[in-house]
Amino acid sequence: MPKISQKKYQHLKQLSTDEEYISALAIDQRGSLKKMIQQGGGVDDIQAAVEEFKVAISEELTPYASSILLDPEYGIPASKARDDKAGLLLAYEKTGYDATEPGRLPDLIDDMSVQVIKENGANAVKFLLYYDIDEPDEINDQKHRFTERIGSECKAEDIPFFLEIVTYDSKIDDAKGKEYAKLKPRKVIDSIKEFSQDRYHVDVLKLEVPVNMNYVEGYGGDPVYSKEEAAQYFRDQAAATDIPFIYLSAGVSSELFNETLRFAKEAGTEFHGVLCGRATWKGAIDEYVKGGEKAAREWLRTQGASNIQKLNEVLKETATPWTDLYEVES
């Protein structure tokens, strides 16, 4: 059984429900959120607008979440507006990647360190890594060493390290298409095996589900996987690591995300919660663009709250306590 320090254990407890799984809200989007807010025009100060939107999400929805994931660039005001009981994760990576260079290489926010993230009240550090297991060693070895450094920094500061892995194929542009769907299970599972090694000091993995649910028999047209094949991929994913993992929503609808969690449970998968973003709050963006903060808050108090409460009900039926996997160091 993996061991975890007492301080990391206490931080993870702060991020979790009373049942010791994670029901976290993700609003660390930056570039994509700026574009969505600017789509309606009339935004004079985009920094202030994004901060205002994140504050609204934090105030209205963290009463229903065990924790919230934010970014230091736009999310600090929102971190101070969260419910007293909600834990805090802060992102360490710069948003996006340099599309002019091969490899989707990672980079960190210039004026951040794990120590500064702790000083901003975070209970954990989140780092997003784009990863293609099939890219050349000269690219992936850079990503391995980069992740090792972050893991070592988190270990030194005694704060949990959440690694988010988003897989891709360097030769396929459409990650949501049928061609990539055929490759996705192996890409996801092999990536998990790599970053579950002790050398990375990862405490929680934030993962895609191992299939594209829109290509599962019964969930969409023109299936790539039968239900049993998809279920086996979920089981293989869970078997690939001995550390806790949580699912990201990857921008799908709240309804499909909830169905996916049920599918994972029925397949026999033990997962340890979620970090759910756009599936919960995406509808508030249109309201904000059309009617400002007041309209967005009204949507969040009604539909947004309903989305997260429905998700919480599903998690009660499907999630497993992460404490089942960790032994606290004496």
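**Helix crossing and salt bridges**

Let's start with two helices. Helix α8 (residues 227–239) and helix α9 (residues 254–266) have axes that come within 9 Å and cross at roughly 80°. That makes α8 roughly perpendicular to α9. The cut-offs: under 35 degrees is roughly parallel, over 145 roughly antiparallel, 65 to 115 roughly perpendicular, and the rest oblique. Axes are lines fitted to C-alpha atoms, for helices over the stretch in contact, with angles from 0 to 180 degrees between N-to-C directions. Helices are DSSP runs of H or I, at least four residues; strands are runs of E, at least two; both are numbered from the N terminus.

A word on the source. This is a predicted model, where local features need pLDDT of at least 70, side-chain atom pairs count only at pLDDT 80 or more, and totals for chains, interfaces and linings use all residues. Residues are numbered from 1 along each chain as its sequence is written, and side-chain values use heavy atoms, with hydrogens and water left out.

Now, salt bridges. The rule is a side-chain nitrogen of Lys or Arg within 4 Å of a carboxyl oxygen of Asp or Glu. That gives 28 salt bridges.

Take Arg297 and Glu59. Their closest N and O atoms are 2.7 Å apart. Arg297 sits in helix α11 (residues 283–318) and Glu59 in helix α3 (residues 46–61), so this pair ties together parts 238 residues apart in sequence. Which of the two is buried? Arg297, at 10% relative accessibility. Glu59 is partly exposed, at 36%. Here buried means under 20% relative accessible area, exposed over 50%, and partly exposed in between, with a 1.4 Å probe and protein chains only.

Next, Asp134 and Lys187. This salt bridge is 2.7 Å, N to O. Asp134 is in the loop between β5 (124–131) and α6 (137–157), Lys187 is in helix α7 (residues 178–195), and they are 53 residues apart. Lys187 is buried, with a relative accessible area of 0%. Asp134 is partly exposed, at 43%.

Arg199 lies in the loop between α7 and β7 (204–207) and Glu148 in helix α6, so the pair ties together parts 51 residues apart in sequence. Arg199 is partly exposed, at 45% relative accessibility. Glu148 counts as buried, at 13%.

Last, a network. Which residues do shared partners join? Asp28, Arg30, Glu73, Glu93, Lys126, Glu164 and Lys206, all in one network of salt bridges.
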